[in-house]
Amino acid sequence: MSKTKYSALKVLKEALTGHKGWEPAWRDAEPKADGYDVIIVGGGGHGLATAYYLAENHGITNVAVLEKGWIGGGNVGRNTTIIRSNYLLPGNEPFYEMSMQLWENLEQDLNYNAMVSQRGIMNLIHSDAQHDAFMRRGNAMLFADAGCEYLNKKEVKERYPFLDMDNARFPIQGALAQPRGGTVRHDAVAWGYARAASDLGVDIIQNCEVTGFNIENGKCLGVQTTKGDIKAGRVGVCVAGSSSRVMAKAGINLPIESHVLQAFVTEGLKPVLDNVITFGAGHFYCSQSDKGGLVFGGDIDAYNTYAQRGNLPIVEDVCSGGMAIMPMVGRVRLLRMWGGIMDMSMDGSPFIDKTDIQELFFNGGWCYGGFKATPASGYCYAHLLATDEPHEVATAYRLDRFRRGEMIDEKGVGAQPNLH
Amino acid sequence: MSQINRIDGGLIDQTKSVSFTFNGQILRGYEGDTLASALLANNKHLVGRSFKYHRPRGIVTAGSEEPNAIMEIGRGAYKEPNTRATITQLYNGLEANSQNHRGPLGFDFMAITDFFSPFLSAGFYYKTFMWPKAFWEKVYEPAIRHSAGLGKLSMLEDPDTYDKGFRYCDILVIGAGATGLSAALTAAESGARVILADEDFVMGGRLNSETNEINGIAGSEWAKQAVTKLAAMDNVTLMADTTIFGAYDHGIYGAIENRADEARADSSKPRQVNWRIYTKRTILCAGATERAIAFGNNDRPGIMMASAVRTYLNRFAVATGQRVSVYTNNDDGWQTAKDLTDKGVKVVAVIDSRSIDPVMSIEGAEIFMSTDVTDTKGRRVIKSIMLSNGKTIPTDTLAVSGGWNPNLHLTCHHRGIPKWNEELVTFLPDSSVPVGMSVAGRAKGTMVLSDAIVEGHNEGNVVAADLGFKTSDSKPATTASVAYNVTAKWGVPSGKNRAWVDYQNDVTAKDIKLANQEGFKSVEHVKRYTTLGMATDQGKTANVLAIGIMADNMDQTIEETGTTIFRPPYNPVAMGAFAGRRRGMEFYPTRYTPTHKWSEEQNAIFVEVGMWYRSQWFPQPGETFWRDSVDREVRQTRESVGICDVTTLGKIDLKGTDVSEFLNRLYVNAFAKVPVGKTRYGLMLREDGIAMDDGTTARLSENHFVMTTTTANAVNVYRHMQFCHQCLWPDLDVHMISVTEQYAQYAVAGPNSRKLLQKIVDPEHDISNEAFPYMGAGEISICDGIPARLFRISFSGELAFEIAVPTRYGDSLIRVLMEAGEEFNAIPYGTEALGAMRIEKGHAAGPELNGQTSAYDLGMGGMVSGKKDFIGYTLGLREGMQRDDRMQMVGFKPVNKSALLDAGHSMAGAHLVNLRDKPDTFTDQGWISSSIYSPIFGHYIGLGYIKGGHSRKGETVRAVDLVRGQDIEVEICSPHFYDPQGECLRV
Amino acid sequence: MIINHPLLGPRDSEEFVYLGSADLINRPTNWESEEAAEDFYQYLYIRENIAGDNRELWYHEQGDQSWLVVTRCTLTHEIKSVELAQDVSRAQGRSK
């Protein structure tokens, strides 16, 4: 492939010659008449990452990514950009830790600056019970080599003097931090994977909605789309947010409900907050983007919806959380709020698995945690699609785990998706 | 040199001078001014710096769409960054400071970035800063962060208060311009309850900025009379200075009312009120916003929207320049030239991009048709413009009009997508507006004022009639019909110069072109790649212009190009306003127990549990360390008697003939045959077979039971029981109510507990071991007839009772108990001692009932009945729920009894590994969930989970705590450390 | 959102707690049969998750503590009907 390498030197050269040499970041392809070895349904972060790793790790390049709208238009384009690997359960922690390691090398792998910023993430502790629970979590993280640091009250105060330590409904006792956590420029993840995958020969086909699956004798032979039927040796669905709707076209109902998670960003400010703060007791988490806006979120709206918009009670609840913990933000204005549809699964953990239909695979159920999983999800999904075997860090993400009673329930709230 | 640009007239009060400062300089304006109009009156054109290139910037608009004139207002904790000068009402003492520059505003050191702009093209950062790897966090990102951002936050707690309010109406009219006032008048005359809201502090909309006559009087005067008339009507609520920021489901609208004036005068008053308006119907009359044209160097101070020049002239009596030029692609731009000339301000040129005849004659001005502005000169304020015909025209204000965009934002809040209209060269609301909303006037694309008034008038009637009100028979106001013709003009070729599209975020036509060239073709891609429309103005002036430029670049129609959609909020909203009073201690409600006052008198230390504040321990004189108190409380309770307030446990009263059957289906163990006067322990599962809660249920009479739940699950369990009853078994004769707050309940525990209670229980109630054995329950009376309930249950493992009285006796009861207990050295104990004793006794609590464990895991498999259906039975039988190597609850004690004694912390949170394993995820055997120092045993003990634990008792493993650097050997043992046979309970 | 409670009239949805699909009313009764494991699995875990009119359970926690079956469109949030869950349960043949 002829792709120009991105570098400071190239930027310099283009600047002096009127930026005429920049090519499209990815090829806008149309479906091939004789189909593909693998079709990925869904041009979000996970779908594009899967295509990239299929090509890069497994040499499978006759691959198409089909996207209903424009790539990166789903939850990868609409989230609070946090990456972390501070999970508790053995079914999850190695997977998210692998994702973190992939993030750490992403820019060099893709030759695209997605601004992976390991600025650290800090979970505040407010009670003795929470303290014990966070010790358990911290040890799970250290057992997995994910790194973590316990900060006592004094250390938290020294680092973040603006936090309401004492006159608060939930006074701060300390914090569990993961220094390797942080944020990533979310849109750039989609673009970077698209560019790298396209470079390796993957066809990225936008404005191509999958309207059905061609299934014969229990085997998937391809997909029906708004651009006609496309044959495929194997189809990997990867459309979190729309999973139930798409899989219903193959006659499959899932252990998933759709809910909206709202997220918020304020007007730009000079640097205020240099890491990610999570205030679990108050349902609030926050970071500051490189452009200066405070980016924050909280709970999902509790009801099922596909409407990509939320309602006021959660807006007020989340802002209250912000004011409770950082009372100096009262005069900061909320600039944009948006809602993304989450695949809320029955135990809060995702799926990367085969289905009962041969050659039809499924990746979804990421709840509100899909962004940080993007690289590992693509990596493991590609592994499964290429080898028929789950990757060793993703063996727990099976669709039949509820039938077997092997839930991966980090929060311990059971089969009620809106509580995860 | 005061207010050199001020002329006579306007809607301000030129007899009332107001003093303010800008960057420290004392200036004057008048009552009725905005900060922007007062700055312009003082000839302050340069008011800020742009986000990326730090270009000098001036005031562009006269409304909330302002991209440039954003400032820090106020000082100290009152400082408010990013505040739009164009909507800030001027007040005495206002302090304004420009932001986003290093050094003085006129000599911003960061302006150097402007010279490097060729290197800083759209998306440049995605292509570089990748080497060396570690430099992103350490070097590049901090540099970017410090040069980015806008205003500075004070970092001090917001000293102002914010309120929330709720209002209800039949018809909400948004926007009090000519259309909105007309709609509100007919709607109100129909008898409907009407709310009329407008973001401006003076109602009237553009009528206050224009010279149109309505009904033969000045438009602004007509508006004032209309407002007066509406204000006199009982069924009308007027909300000026109130922005409707969002349209939510089912006729709910979010509104922010600005009350800064009141708050400044009286600090106890809220600065803003966050209103939730519930309405049956809404008429959106939000008017329109003028957009710019992208030509070379179109961002210099002094280049303003044509309509803003008129607003400053007509409403605020400010002539922004002495030699004004107008550049337009539509008829409305000419009105600016006419109004200026009429007020004696020199207009030097009118430039119209269209190939038509001049719209009107402008005295003394050169008229250029089929002509564009290609470039401008002037650093801190515009000095001249260059035209496409080669002419250069010296000018000190350039009024630009690229046409008008309806303010249809709220129509999109339910994800409606606007429709392109070729004739009006703009997007119009589609039919997919939020349910109950209709649109009238310029917001709908009705650009001619006389038509808009009629439309508003009629819409008020139509909506009222729809709701069943009689229609008003008044006539719409009349005004001359003035045509609005427009021809698309997006960008002007600007050669090497940059033509700004988004002023604040410094997005130029070239950036959009580069994005398109790199394959970013969807509007959303362009927006995200270039940051277009993401500044504090949300692209109100930029978005449509950008879409026009994209369409030109890609040689496609605007319809093919598409649009981004608008989301709430319409204007940015202070976070404080959303939080309202929910801050500090008021963030969540606080619940106090019946002994709270008494406990305060005992200097108890409190801990928050759920929403409750409970006594954690009761320090005695001489006790300096928390464990001094807790250890004493445990010992004294176990030796004699202690009293603990357990009111916070959930209490549910159940009556009915089917209650025992109902309980039998809720609990894993049999409940069908609990005798009257007995209490039974029960474990409740979720439907997935995981333990949900445990507690006791007492049968007080044949059809009357009272259940306790854990504190944490009180609400969930009650909800679950209502679900089971109403949804699953609606005909079971069961009636239940939560009585958690109706009863004060105290544990009286210890060998002397019976003796103590016998002193206060009325003599007719025999509570001897024979008459009232372990797990007994009964309704009794105490202290001469006070009704009470007594349960012989024990969490501590001692002979113990729980006694409940109606809450109003709770305070008295603790005092009576303590007095009666004096002879036994009775002490109160708090949640720490409670926790210590329950761990000694091996009772699972919150850390064990963590939503991941089954009855079997808890060691309660033996309790599970196989003879009945109950919630969680079937799914609890799944193979994964029955595996032998599941995490099972057991006890742990350190092999070395002095382990951790000096560490200052317990074993809780440590993970377990086999003796010779290296700790990692794959060798991880489990964890310690609860651990305390046991004053009875003199060493730490713990409860926890380990793989296959039930069959590993006696085995030694390591409790590894990498967080705190501990690694100790522990023995797996029974969780029942204290009195495993339960002999103490039965004495 | 506003839920038009059949007994109490229109109430803000903030007074309610949401559970999920109204299919949760249809708890299998065949706990002793061979199919029980599969039926309970389907009942508790598998959702149609419909994009359209969804029948769902809301609990009036800050009110009269009634469980309601709300038929609401998940695309538009429009509420088509609100019924008392116990009436629905009985109508579906459930009793004791």
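Strand S16 of chain A and strand S31 (residues 573-574) of chain B run antiparallel and are joined by 2 bridges. The model is predicted.

**Strand pairing across the chains**
- In S31(B), Ala574(B) is the residue that stands opposite Arg333(A).

**Contact between chain A and chain B**
- On chain A, 90 residues are in contact with 90 residues of chain B.
- Several elements of chain A each supply at least two residues of the side that touches chain B, among them helix H1 (8-16), helix H3 (93-104), helix H7 (186-199), strand S12 (256-268) and strand S16 (333-345).
- H5(A) gives the largest share of that side, with 9 residues.
- Sorted by class, the side of chain A that touches chain B holds 44 nonpolar, 23 polar and 23 charged residues.

**Domains of chain A**
- Chain A is divided into domain 1 (24-82 + 88-97 + 104-109 + 186-255 + 347-419) and domain 2 (117-181 + 257-345).
- Taken over C-alpha atoms, the centres of domain 1 and domain 2 of chain A are separated by 28 Å.

**Contact between the two domains**
- Within chain A, 26 residues of domain 1 are in contact with 27 residues of domain 2.
- H3 and helix H8 (243-248) of chain A each supply at least two residues of the side of domain 1 that touches domain 2.
- The largest share of that side comes from H3(A), which gives 3 residues.
- By class, the side of domain 1 of chain A that touches domain 2 of chain A has 12 polar, 10 nonpolar and 4 charged residues.

Notes:
Residues numbered from 1 in each chain as written. Chains lettered and ligands numbered in written order. Predicted model: local features only at pLDDT ≥ 70, side-chain atom pairs only at ≥ 80, totals over all residues. Contact = placed C-beta atoms within 7 Å. Helix = DSSP H or I, 4+ residues; strand = E, 2+ residues; numbered from the N terminus. Nonpolar A, V, L, I, M, F, W, Y, C, P; charged D, E, K, R; others polar. Pairing = 2+ DSSP bridges. Domains from an automatic or database assignment.
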